[in-house]
Amino acid sequence: MRRTGGLPLSRDILNIRVRELKPSGIRRFFELIIGRDDVISLGVGEPDFAVPWRIREEMIYSLEKGITSYTSNFGLLELREAIADYYKKFGVETSYENVLVTTGVSEGIDIALRAVVNPGETVLVPEPTYVSYQPLAFLSGADVISIPTCPDFKLTFEDLVKYRDRNVKVLMLNYPNNPTGVSYRKKELEEIADAAVELDCIVISDEIYGELSYNFRHVSIASLNGMEDRTVILNGFSKGFAMTGMRVGYAIAPEPILDGMLKIHQYSMLCAPVTAQIGALEALRNGEDELERMRAEYMRRRNFFVKRLREMFDVVMPDGAFYAFPDVSSTGLSGEEFAERLLMEKNVAVVPGSAFGECGSGHVRCAYAVSMEKLREAVDRMSDFVNSL
Amino acid sequence: MNRELEILRILENNSRISAKEIAEMLNMSVEEVEETIKRLEDEGVILKYKTLINWEKAGVEEVYAIIDVRVNLTREKGYDDIAKRIAKFPEVHAVRLVSGDYDFQVVVKGRSLKDISFFIAEKISTIPEVRDTVTHFLLRTYKEEGELLFKDEEDRRLAIVP
């Protein structure tokens, strides 16, 4: 379409909240990289593995058989059953009736927020945060309050109950966390759960990195006493099963919330892509070995990478996901300056921590979803860079 | 996860990796890794460190054949006795007892088709317990020891994604 400077309408063409929305900080940094050769990118928030072949093969076969139509709005029944069964692994007893298959967790975040938030109600977002929560909460009409969690990136009971009088409707929770990798043990989750009860709010629990937990088993906050009725679990197949581009995720929620989400989903999305749903079903049925293989590989990389980073910076130990979030302020550079100069001088891309919220600004996010060989080279270059300062 | 198994998995994929690198990956000390590897060698868990070579690329012409061997067992001669007899020939690359129509799968390496044919005719078929053999000459290898021998997919990810 032709780009135009003039406005065809006599009033504002964009919705007021869209106008106020800031473009993603990650996006801006992406522009800097385009056209550069030989960049080792630690900026990629997705697995370096392709979709496991047996999952791909199953999707190809389904296409050969001509399985290309819509599914139920809820998603394939077998997949919903498999998901309900699978979540026992994280301590949650649920039924397929509480499962909605979404087009990635991204859609899940959007419809969960829109289903429950009224204008004037507050959504709490701990920072550093995944980039989507605040914009989507804002678009849903919420007042968004950010809670800084530096320096250890852990949310506590006290952090939360401060907002007792702020009409809090939703707490966004993401563990293991993008960008810090930090996660919560059961005991810590209990504290957060107590706070959620105290605030009388819903928890939207984004557990997309749950499978990639290295220090302890992932436990869903929904499994804790009383939380089942106020938690929306969001999860999917992008990270653990390396299916990012397939766009398939799911929500597990109490019936009234799920019904609300379904209403939006059926009008705006209709259903998740059927091919991806079939791949997801195969992932749950036969993907465990591949998952284990990938998890073991990420853990090795994490151990290696964090050890090397700690020779240069303060780094909070990531419990999971595939990110490390070093504090680079000891170099005297801001996160942006560090990232930009590292890219220009050493051809290594990391993402400035400020893209994930104010309190991340002295940090950079490094994704270790690259081969051991590349990771080694990248960290050597980082070390050269730091020594040259 | 069991650290011994972790070390073995890493070594199986790259036997030239240093103890230091393994230590970094598994959060162990270099000494611990070295001791564990030494023990695994002594115990015969680690048999040998080998290299996977694409000989075709190196310009070396080698012929492989997979031979199905059916045998007659007797009181005096069981599977083990026959297998050992076959395995001792340097031309024999692998000997496996298998289920199905045949008893042994024998992989033989030679310089030419003729070479291998004569070897089988003279050395395998003439063993008294061998009932019959079927020879399959190997034409092309697509995967060996878990490694794909053709060019796999490239990384198509964008440089920066959320």
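Two strands are taken to pair if DSSP finds at least two bridges between them. In this predicted model, strand S12 (351-352) of chain A and strand S13 (residues 364-367) of chain A are joined by two bridges and run antiparallel. A:Val351 stands opposite A:Arg365 in S13(A).

These strands belong to an open sheet of three strands in chain A, with the order S10-S13-S12 and antiparallel pairing. S10 and S12 are the edge strands, each of which pairs on one side only.

Strand S8 (residues 231-236) of chain A is mostly covered, as six of its six residues are buried. The cover extends to both faces. On one side A:Thr231, A:Ile233 and A:Asn235 are buried, and on the other A:Val232, A:Leu234 and A:Gly236 are buried.

With S9(A), S8(A) is joined by four bridges and the two strands run antiparallel; here A:Ala251 in S9(A) is the bridge partner of A:Leu234. In general, the strands of a sheet pair through backbone hydrogen bonds, either parallel or antiparallel.

## Helix H4 of chain A

Helix H4 of chain A covers residues 77-86. Its buried residues are A:Leu79, A:Arg80, A:Ala82, A:Ile83, A:Ala84 and A:Tyr86. They pack against strand S3 (99-102), strand S9 (249-252) and helix H10 (274-286) of chain A.

## Backbone geometry

Most residues other than glycine have a negative phi, and most peptide bonds are trans. Several positions in the model depart from this pattern. In chain A, a cis peptide bond with omega of about 0° joins A:Glu127 and A:Pro128, and A:Pro128 lies in the loop between strand S4 (122-127) and helix H6 (133-139). A further cis bond, with omega near 5°, runs from A:Cys150 to A:Pro151. A:Pro151 is placed in the loop between strand S5 (143-148) and helix H7 (157-161) of chain A.

A:Ala321, a residue other than glycine, has phi near 60° and is located in the loop between helix H11 (288-310) and strand S10 (323-324) of chain A. With a relative accessible area of 0%, A:Ala321 is buried. B:Asn27, also not a glycine, has a positive phi of about 60° and lies in the loop between helix H2 (19-26) and helix H3 (30-42) of chain B. B:Asn27 is partly exposed, its relative accessible area being 44%.

A:Val182 is found in the loop between strand S6 (168-174) and helix H8 (186-199) of chain A. Its relative accessibility is 3%, and A:Val182 therefore counts as buried, the cut-off being under 20%.

Leaving aside neighbours within four places in sequence, A:Val182 is in contact with A:Asp152, A:Phe153, A:Lys154, A:Tyr175, A:Pro176, A:Asn177, A:Val316, A:Met317, A:Pro318 and A:Asp319. A:Glu198 is 16 residues from A:Val182 in sequence, and their C-alpha atoms are 24 Å apart in space.

## Overall form of chain B

Chain B contains five helices and seven strands. From the N terminus on, these elements follow the order α-α-α-β-α-β-β-α-β-β-β-β. The C-alpha trace of chain B spans about 65 × 40 × 30 Å along its principal axes. Its radius of gyration is 21 Å, whereas a compact globule of 162 residues would have a value near 15 Å.

Of the 162 residues in chain B, 28% are buried. Among contacts between residues at least 6 apart in sequence, 57% join residues at least 24 apart. Chain B carries 26 positive and 33 negative side chains, and the centres of the two sets lie 4 Å apart.

How values were computed
Residues are numbered from 1 along each chain as its sequence is written. Chains are lettered from A and ligands numbered from 1 in the order in which they are written. This is a predicted model: local features need pLDDT of at least 70, side-chain atom pairs count only at pLDDT 80 or more; totals for chains, interfaces and linings use all residues. Side-chain values use heavy atoms; hydrogens and water are left out. Buried means under 20% relative accessible area, exposed over 50%, partly exposed in between (1.4 Å probe, protein chains only). Contact means heavy atoms within 4.5 Å. The radius of gyration is taken over C-alpha atoms; the globule rule is 2.2 Å times the number of residues to the power 0.38. Lys and Arg count as positive and Asp and Glu as negative; His and the chain ends are not counted. The place of a charge is taken as NZ of Lys, CZ of Arg, CG of Asp or CD of Glu.
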